[in-house]
Amino acid sequence: MDSFQHRPVMAREVLELLAPVPAGTVVDATVGGGGHAHLLLESRPDVALLGIDRDAEAVAASRERLAPFGDRVRIVHGGFEEIAEIVRRELGGPTSEGNIMGILFDLGASSPQLDRPERGFSYWGEAPLDMRMDAAQELTAEAVVNEYSEARLAEIIRTYGEERFARQIAARIVARRPLRTTADLVDAVKEAVPAPARRRGGHPARRTFQAIRMEVNRELPNLADGLDESVHLLAPGGRVLVLAYHSLEDRLVKERFAAWAGSRERTPPGFPVEPRPNRLVRLLSRRAIRPRADEVAGNPRARSARLRGAERITARTGA
């Protein structure tokens with residue numbers, strides 16, 4: 001399973017934020033090839049890990065990579081929107097709720113998924129229009145581009161891809177149906193985007209592919225569900241961290257964390273945000289943490305990463 005190895009993004013920052021959590025179980029809700037998990041298990045001998053991934057290849061790869069840690073590790077196939085159910089099933093029933101010391105979400109497609117042409121995530125080359133993170137699910141990119149209405153396609157591409165030419169791209173996709181390969185989709189996008197725009201800002205199909213991938217895998221709805229369940233799994237002092245690579249994901253995380261913390265707007269940027277009474281968490285920083293310049297230079301895919309964290313507090317009452 002070496003083909004599923006990839007460099008974990010912002011690994012140093014993730015380890016630093018998880019270093020203060022009490023001994024116990026950490027849930028890696030998007031374990032992938034086990035990169036973050038391996039470093040955490042090495043640095044924290046007092047930590048056990050439950051890894052979750054919807055990609056069966058990632059599950060197999062992480063099991064192999066983390067096998068040397070023995071019974072400190074359990075890896076399961078599933079989506080992080082099911083995190084509470086998975087934790088209860090794997091870690092001992094209802095008493096597991098409120099006893100998790102750390103949760104990590106590393107969002108988006110992984111490098112191995114993007115780099116495997118047959119998975120259909122990449123706009124380079126020609127491959128089936130798949131884009132499923134879980135090969136067992138029914139919805140594929142081919143179904144989205146060939147069966148969705150023009151209006152719905154335009155909304156998805158505009159919202160998830162933040163693409164200014166979404167309406168034109170959707171119209172061209174519908175005109176070219178049926179589309180069978182990633183090359184067909186790239187051609188449709190190139191025909192729809194004006195030539196001056198195609199020559200700047202990277203590959204012209206990047207935003208459209210991102211949008212369709214997010215629709216196929218229900219990435220934003222699943223993130224919302226996973227976050228809402230995660231905060232109730234944490235013990236006091238436990239932390240939830242999210243690595244996001246898309247502005248919509250990061251905005252959702254920021255809003256959820258702020259709601260849980262009841263943040264005071266006047267807290268100076270960069271300072272920890274103190275919780276108000278009856279709130280669930282304190283924020284670990286006001287702003288998202290960005291990757292270091294040397295990491296971006298060595299791993300360009302880290303460029304868009306945003307890391308946010310929150311720490312569970314003991315419920316308090318009063319004004």
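This is a predicted model: local features need pLDDT of at least 70, side-chain atom pairs count only at pLDDT 80 or more; totals for chains, interfaces and linings use all residues.
**Ground rules.** Local features need pLDDT of at least 70, side-chain atom pairs count only at pLDDT 80 or more, and totals for chains, interfaces and linings use all residues. Numbering starts from 1 along each chain as its sequence is written, and side-chain values use heavy atoms, with hydrogens and water left out.

**Overall.** I looked up the make-up of the protein chain and got 14 helices and seven strands (DSSP runs, H or I of at least four residues for helices, E of at least two for strands, numbered from the N terminus). Of its 319 residues, 55% are buried (under 20% relative accessible area, 1.4 Å probe, protein chains only).

**Cores.** Next I checked the nonpolar cores (buried Ala, Val, Leu, Ile, Met, Phe, Trp, Tyr and Cys joined through side-chain atoms within 4.5 Å). The largest has 66 residues, and I83, F105 and I173 are among those touching the most other members. Leaving out residues up to four places away in sequence, I83 touches V27, I52, I103 and L233, among others. A second, separate core of 27 residues includes L17 and A305.

**α7 and α8.** I then turned to helix α7 (residues 150-161) and helix α8 (residues 166-176), which pack at about 135 degrees with axes 8 Å apart (lines fitted to C-alpha atoms over the stretch in contact, angles from 0 to 180 degrees between N-to-C directions). The contact (heavy atoms within 4.5 Å) includes L153 and I157 of α7 and I169 and I173 of α8.

Note on methods:
Buried means under 20% relative accessible area, exposed over 50%, partly exposed in between (1.4 Å probe, protein chains only).
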